Each structure stands twice: as C-alpha cells, then as structure tokens.
Amino acid sequence: MEIAGIFKYLYELLAGSGLSQTWVDIIALVAAAVMVFGVLALIALFLVWWERKVSGHIQQRFGPMMTGWHGWRQTVADAVKLLQKEDITPSAVDRPVFYWAPIICFVAAFAAYVTIPFGKELIVSDLNIGILFIIAITTFTIISLLMAGWGSNNKYALLGGMRSAAQVVSYEVPMVVSVLAVVLFAGSLSMVDIVESQAKIYQWYIFRLPFGPIAFIIYIIAATAETNRTPFDIPEAEQELVAGFNIEYSGMKFAMFFLAEFVNMFTVSAIGTTLFLGGWQGPLLPSWIWFFIKTLALVFVFMLFRWTYPRLRVDQLMEFSWKFLLPVAFANLILAGWMKYSGWFNW
Amino acid sequence: MVKQLIDGIKNLVIGMMTTSKHLGRHAVTLQYPKEKWPMPERSRGVVVLLSDKETGKLNCTTCLLCARACPSSAITIKYEKDENKKRQLKDFIVDYNICCLCGLCEDACNFAAIKLAPKYEFSTLNKEDLIWHTDKLQEMGRDVPYEKPVKKKRPAPKPAAKSAAKPAPEPEAAKTDDKPAAEKTDKPEVKPEERKPEAKPEEKPKAETPAEKKTDDNKPDEEKK
Amino acid sequence: MTEPGLNTEEFQVNMGPHHPSTHGVCRFILTMDGEEIVEAEPVIGYLHRALEKICENRTYQQCIPVLDRFEYCTSMSCNEAFALAAEKLGGLEVPERAEYLRVIMLELNRIASHLIWFGTTSLDLGAITPFLYGFREREDILDLFEMTCGQRLTYNYIRVGGVAKDIPPEFIPKCKQFLDTFDAKVDDYEKVLTENPIFIARNKDVGVMSAELAIAYGVSGPSLRASGVRYDIRKDDPYSIYDRFKFNIPVTFNGDCYDRYLIRIAEMRESAKIVRQALEQLPEGEIAGKSTMNYKPPAGEVYSRIENSRGEMGVYIQSPGKVKKPLRVKLRGGSYNQLEVMPELVKGHKIADVVAIMASLDIILPEVDR
Amino acid sequence: MDRDELTKHLTELFPDKIELLETGKIEPFFLLKNKDDLVAFCKAINKDEKLDIDYLCCLGGVDTGERFEVVYNVASMKKRIRFDFKLSFKYDGAEVDSVQEIWPAANWYEREMWELYGINIRNHGNLKRFLLPDDWDQGYPMLKNWDAPDFKRMPEVE
C-alpha cells in the first residue's frame, strides 16, 4: 500500500477544483508540512517512550508500566504535563535570546524533513540540493543551543552552550566529508537520486567496500555528536554541568528542547538510512515501512550507545574529531574518488 | 595505533553485547504498589505492642526499660501508680517522627511486649499522625507472631520478683478492667497456662469493645514521666 | 595556552551543594579558566549532624544505632569500629561465632559499598547502565542483611560484646548462592567498563596521587593502595579475626583514577573470598556475651581503627570510668582525608575530571561531615 | 615494634617530656607534658629512623569537664607502628601549635577543633568556619557546658 498514491489523488482533486495553481501549491505544501509535523511529533513521543523501555530493559527494569499497555501513554502524559507547567523565566536572563532559543531549535529540527524522502515519491519537496539543505538546516541547532547557553545567564548553561557550539562545529566537518563520499558516487545532491542509486541491496552505500562502511561509521559517530547523545553528550552532561544549556528552562520551552533532541535523533537516523541503507528501497513491504524499519533500527543503535558508554571529556572529544575522524574521513573521500574514477567497484 | 584502534572497537562492541544481553532478560524489579516483596520475619518496619494471644491484654509491664534504651527518646510512657506502688500503664506513645527503628527497645524488653514488625507503608501527610498511642500500637501488634520469653537468666527476675511479692488478687484485676489501657499488672511471673482459666472469660468482652477503650485513652493524663 | 594579546578571565563556578555528582551535599568553589580548574575549595558541613556530641550523650549501646548514620554505605563497619573500641576499653571477649558473623557481615558490606561506588563512578562518567547493575547485586546483599538483622541500611547489628542476632538458617545457602554468581557478575561489569576505551581515556592519568601525597594527607584504603602503598589494616594492624583468612591485598602503582577503579574491583573479589572462607569455618556457639545494656567500661581511652571500604575508619573513645556514657567519641572516616586532598588532585584538570576524581576516591559526605 | 619496645624507645628519646598513661588500652598512650614541645616532638618522631611516623590517623580535642585535651593518633606506614599521645591544658588561653608542616592532614582536623572547641591553633593559616554554619554564634558546641535552646540532653540513665 503506497501512501504516495493517495496524496497524488488528493492533489489532483485539489488541482481540479478550479483554484489557481499558486494556491493549490501553497495549500498542498501547508498540508504536507502539517502532516510531517504531526507525524514527527508522534514519532518523537514514541521515541521517548521507546528509549525509556529500552533503557529499562537493558537495566533489567520495566520502564514505564502503569499507563496503558506497557506504559505507552506515559510520554503523552509527560508531554501534556510539561506543556501545562509553569513557564519560569529567571529574572536575570537575556529575554529575547532566552525565548527564541527553543523555538529555533524546534523549527530547525523539523525543517530538515522537507527534503527527506519517507517513501517512494513521498517527499515534501525534492530539492536538487537536498543533502546540502539538510546539513545547513541541522546546523541551526548549534545557534539555538548557543543562544540558550548565553541567554540563560548561568555559568553552567554558558559552559554547556560553548561546549555544544565547539562540538557541533567540529563534528559537522567529518560528517559532511563522509557524506560527500556518498554524494560523489551518487553524482547528485538530491536525496531522491541518492536513494534511487541504491536500488539493489548490494548497491547500498554501506556495502560498497571499502569506502562505504568507513563512511558509515564516521557518519554514525559524528551524528551521535551532532545530536548530543552519549558518549558525546557533553553539552548537557548531567554529572558535570547539571543540565548544560537547558538548565534554566522549564515547562514548554524545555519540552521543545527535549522533543527537538529526539526529532534530531530521528533526523540523523533518517539521513543515515537514506544515504547508506538504501532509503525506502526494499522488497515486499511498502516503501515507507521500509524507511521506518531502517531508521528505527539506526535509532536503536543510538540508544544502545547511550545506555552503554560513558561520556568523553571535552578536550578528548575535540581531539578525536580533528585528529582522528577528520583525517580518516578525508582519506576515505580520496579513496571513494579513486574508486569512482577507476570504476573498479562501480557496480 | 591500529592495534589500539581495533582493541578499542572490540571492547566497545563487547560492552554493547553485554548490555544488549541484558535486554532480553527479565526485569529484577517489582511493580511496587501491585506486587510486593515478602518482608523477612525479622524486618524492622514498625514498632508494635504485643498483646497476649488468649487474653488480648498488653504484655507490657510498664517497666520503662524500652524508654530508657531508646537512643532517640521516641518512646514516652505515661503511667500512674496504684495503691500498691505498682505502675499502671496509661499511655504508650511512640513518636515515629524521631524513631530510628533500631530495635533496641525490643532487645531491652524482657516480657515480649514490644517488637519491631515487618510492616510498612505508614507515611502520612501530617506529622501528628506519626505519633502513635497505645491503641494503634496494640492494633498493629495483634497479628504479629512472637514467642513468649523463657524466663531470662538475669534481668528478668527483678521485676518479676517485685510483682510476685504482691500477688495481684482477683478484685484488683477487676478494678483494672475499668482502665483497659492499663491492663498489664500481673503478667510476668504467671504462666499463661495457669492464668488461662480465670482470666479468659473476664477479658474477652473487653477486648472487643475498642470504642470504650478509645475514649479512655483520650482522657488527659495526669502523670507523666 | 593563550596566545599573546588574548586575554582570558578567571571565573568561579559553584559546584554544589546540590549538584548531581557530589555524592551528598559537598560544595566546591571552583576557580576556572575556561574549562580548566585553577583552584578548588571544598566547602563541607551541610550534613553535619554532630554525631560526636550525640554519642557523648548516649550509652554505649545507644551509640551504635547513632553511628549507623555515620557512614551509611557501610554501617556494619561503623558498628564494628565502635564496638571494637568499646570492647578494648572494657577488655571484653567476643564469642568465636560472633567474630565470624562480624567478618561475614563486614565483608558483605564492603562489597555492597564498593558496588555503590561502582555504580556512582560509572554514573558520574555518564554510563548509566552499570549503575543499575551494581545496585542489582547490592540488593541481594541487602536482602541478606535484612534477613539477619531486619534492616537494609542502618543495621545496628554488631554490638558491644557480640552481634545482635544469630543468622537465620536460610542465610548460608542464600549467601553461598550469591557468592557463586557474584564473580560472573563482576566479569559483566568489567566487560562494560574496564577495557572500554572511553572509560580508560576518562580515567587514565587523571588525578594522579603520589604515595607521598597520599600518606601526608592521611589518605587510606583503596585510594592509598592505588598509589602503591601496600597497607591494609586488616593485615598490618589486624583486628577481629582477619588473620585467619587467606586473601590478597591488591596494589597498583600509578595512583590515577583508573588504578583506583581496578583496586576496588579486585577488592570485591577478595572480599567474596573472605566471606566464603568465613562461611566454611563458621563455628557453632554463642553470639553474644553477657548483656551490655548497662556497659560501664573502666576509665581509659582507646583509638581503634578498622579498614572499611573507604579506608581507615577510626573511633576514639575516652571513658571517664564506671559511667555508662563515653566522655568523648571522636570519629574518623576515610572520606575526610580524601576530600581534603582533592584540591591538590584537581588542579589543572577539567571540570569533568573533578567528577571523575571525586567518584574514584569514593567520597561520601555524611562521613566527612559527621 | 611491640608496645614495650616502643615505650622504651620513646621514653629514652624524650626522657622528661613524655609519660606513659595507664589509661591507654592496647596501644600505648603518652602524655606530652608541655604543649609547647608539640612541634619539636612531632618532628622528632617523624624523622626518627626507628619510628618514622609519617601518618596522622586522627587528631581531636577532648573536653574532660576540667581541662582540654588534644589527642593525636599517629601511625607509621613503613614500620607498622601505632600509638597515641595527648596534650592536656587549662581552659583559659587554650592554644596549640599546628602540626600541618609535618602532617598536612592535620589541617582540617585542627580547623574542626578550633571551630568546635575554641582551641586556637597557632600558625594554621586557614581558620575558617567549616562544619558549622557561617553565621554560627552559639559558642563552641563540643564543650561539656555548652547549651543551646534546642539542645536536648537524654534523660539520665539510672
């Protein structure tokens, strides 16, 4: 069952209703945006619940159990609770910066989905610079974290904000370079083109030896850092900076940061799926189900990371990025370029 | 360098395997309000006053040993002396705000009158509710199993001998019945088997009238130690 | 670090008293240059309960439940330290069986305490799961304690002149079962942390404490042995019946956080060995001498010390003679000196290392503040 | 080195300055007669080759109700020796020297003693409020005659 067909039908219905083409496009885009937003909000809630269950079972606990089947309503309750809570603004904060930070974070997290193909022909807008757009948009998160850290007027928050800026900037570079290897092979920046170039399972970029797996591992590491998750969660290191940049946030603003974190996790997994795991491609099942299966599998890997590993120190983190990850990523890029040029592994 | 890298990756993977191994195991925790852990018999959850199984009277002889043994002075015993200079228990108060549940009162008691029972869940929103009086302590202790102490070697005889010197006659026992909170007068040296025939029929109705008892307890206490 | 012409400004961060990883309510005033610590000053006293004053006001037996609160991770050893001192004062003999029960409880408690340390260390370094693994096993030990003395944390079990209660019959099989599975559990912990490159990176060469520094500041226990000093009061100043058991004292020589980690992991295994031996040799007999409710030791003063999981735990008692209450009780805990030496260790490290060092020294604050 | 050897050795080293107390159990307990000798004595036992006292276990004040006492529990890591010694002096002008230069561990113990007993420490350099609140103004709580409105003494045991 392909959802794309339904959308196409609805679009044609709209187009046939006599509205001008501009209005049709606008309505279609708004509808798509609302739909994506809704789906992602649901996914974020699901991920929160799932993370709690996974962590619980890893630690031989149950996790939430009381509300609904295995506590599935727990995150809904938590989200509602957070939205209802008093929104405390400390007196010493820099108000505009403090207010805008969660909004930017939230918007940036969702905006990346404009160019992610959820399934065959299931994409809001197939930009021809898709991956570039995503990378540009996700980088917005740093600005919001920096704003949160600065605006909170709290030393812990400031340290957290500075750390996150340094960290995300450092890990952006190896991540882009590792992605570049894929782009090089696909010959396009468009997400749809990249997915279509991996039609067969052996064509998935993760299986394109030897450059594929290396690029994938670098991507996973950098993505973990990008999403501020253990072992790279130093911006909000609970045990050192208490909560880092979001220490002063409460209520709905905190909920925005919190949900944005999970949406970001889903984003990087979705990008990873698209770039390395063949996107929506897969037999039998509808394309969007394949997309979700692969993405959630990647999310699960991130969760395992989080619940297994200790946290790196801030200088070690930087060292790892600049002294190890980046050279390897460059070498890998050169390798990929050579492979493409020689055509040896170009199956 | 390369070896270090491979070692590092290997150990990271081993770590992940270990955690994911636990993923499939059953949880060791319990869903607390629904399931509860069986408390060991010795568990020190709450201080209770024990009463005699047959008569329903308190085992307490108002010897004040527990109050003295208490390291946080959580036990207050109110009593008055009757004409025989014997202490009559008026109120036995345990303040759970300061009780540290150490069990020294139980160790101090020679008459199996006070015990720490494996019960819990007594939290309240009001500090006043944590000050328990005789009736509540006794009610808590009704179903707590205990063993009558075999006569102890050294410390037990003292109070026992004292009360033995003045054997409580029948009419006096009847008199104390008016004050149900102050039941224990002739307990220690009289073996339960001996006392059974006479004491049982008299005491029974009293134990079943808690309302009467409560009103008595609420009376203001004149004497306090 | 800084280039000429670039100015950095030092600022102060108030770490604690309500900070997630100060193991209680310790407060550090950190003077920082960026992420680097220039100076650290511990501020304590948030948990001061005047235990020493309270003890002066209690009989010897009443002191023991009070001292349970001295160091709540190893309450048994607080009981033991005080009971030992009081027994020395009066020259009391402890029955054989009671001695064995004491050793069993002390060593089980050492394992429990090290499990807390293991959990909090991993938690402080950001790994949350090992924390719960450690507490899972600790729960088994606490069950054993509850079965024996009725309480899970404040035991009031080891009394002057013996122990409070004999172990219940189901204790020995349960304890053996625990010991049999324990080694495999420790292996599991080690798989998650010991060789983990991130863990090593965080701990190796962090907070290096030389043997001289450690001795000068009175650091004792595992933290001292990690600096290469083979000194364990159980062996070097034997108390109770520790000379009857075969066990090793692990020693490492770098004195950094990682070595302290290794020492404690090894100590858990050694303690399990001691418990096993004690269970095998456990004789029948009395568990307490005569009643010590009204214990009145003769005049005298004694400082007795035992090795607990955080180092030397000492109790100094001065008795005026023929009085039920001690004249003075002075408590000494291992954490006190380890916190004192911390400012020396954290200088020049990052703020994240403060957490790692504090975790590796295994400081708990009730012991410091008393 | 057992108890008798140690006693002999120490009394030989400081013939008039110290005195073995009967009150000590197990480990020998000495009284340092003059508190002004403290630093010299500590330095000597620290440097002495046979003793090599490098470890300060504990240090604490005592208020006996008549006098102050300061008890030092020391040990040697290398020689496995342990003994105690104490000073005894009157209430007024209570003051002892700091032994920090020999054992840095003494810093906090002395601070604590200063704070709780009011015994002044010479050459300490870091006498700041420590265990008690910064604004504490109710005197020295460890003194025997200390009283405060909320201080509750246990009922006297018969």
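## A tour of chains A to D

Select chain A: buried residues make up 50% of its 347 residues, where buried means that 20 or more other C-beta atoms, placed from the backbone, lie within 10 Å of the residue's own. The model is a predicted one, in which local features need pLDDT of at least 70 and side-chain atom pairs count only at pLDDT 80 or more, while totals for chains, interfaces and linings use all residues. Residues are numbered from 1 along each chain as its sequence is written, and chains are lettered from A and ligands numbered from 1 in the order in which they are written.

Stay on chain A and colour by secondary structure. Chain A has 13 helices and 0 strands; helices (H or I, at least four residues) and strands (E, at least two) are DSSP runs, numbered from the N terminus. Along the principal axes, the C-alpha atoms of chain A fill a box of roughly 60 × 55 × 40 Å. Of the contacts in chain A between residues at least 6 apart in sequence, 77% join residues at least 24 apart. Two residues are in contact if their C-beta atoms, placed from the backbone, lie within 7 Å.

Next, select residues 75–81 of chain B, which form β2(B). This strand belongs to an open sheet of 3 strands, in the order β2-β3-β5 (chain B), with antiparallel pairing; two strands pair if DSSP finds at least two bridges between them. The edge strands, each pairing on one side only, are β2(B) and β5(B), residues 131–132. Within β3(B), Arg87(B) is the bridge partner of Lys81(B).

Now show chains C and D together. Of the 5 pairs of chains in contact, C and D share the most contacts. Here 38 residues of chain C are in contact with 33 residues of chain D. Elements giving two or more residues to the chain C side include α3 (75–90), β7 (311–319) and α12 (334–346) of chain C. The largest share of that side, 5 residues, comes from β6(C).

Finally, show chains A and D. They do not touch, and their nearest C-alpha atoms are 24 Å apart.

Notes. Buried ≥ 20, exposed ≤ 12 C-beta atoms within 10 Å, placed from the backbone.
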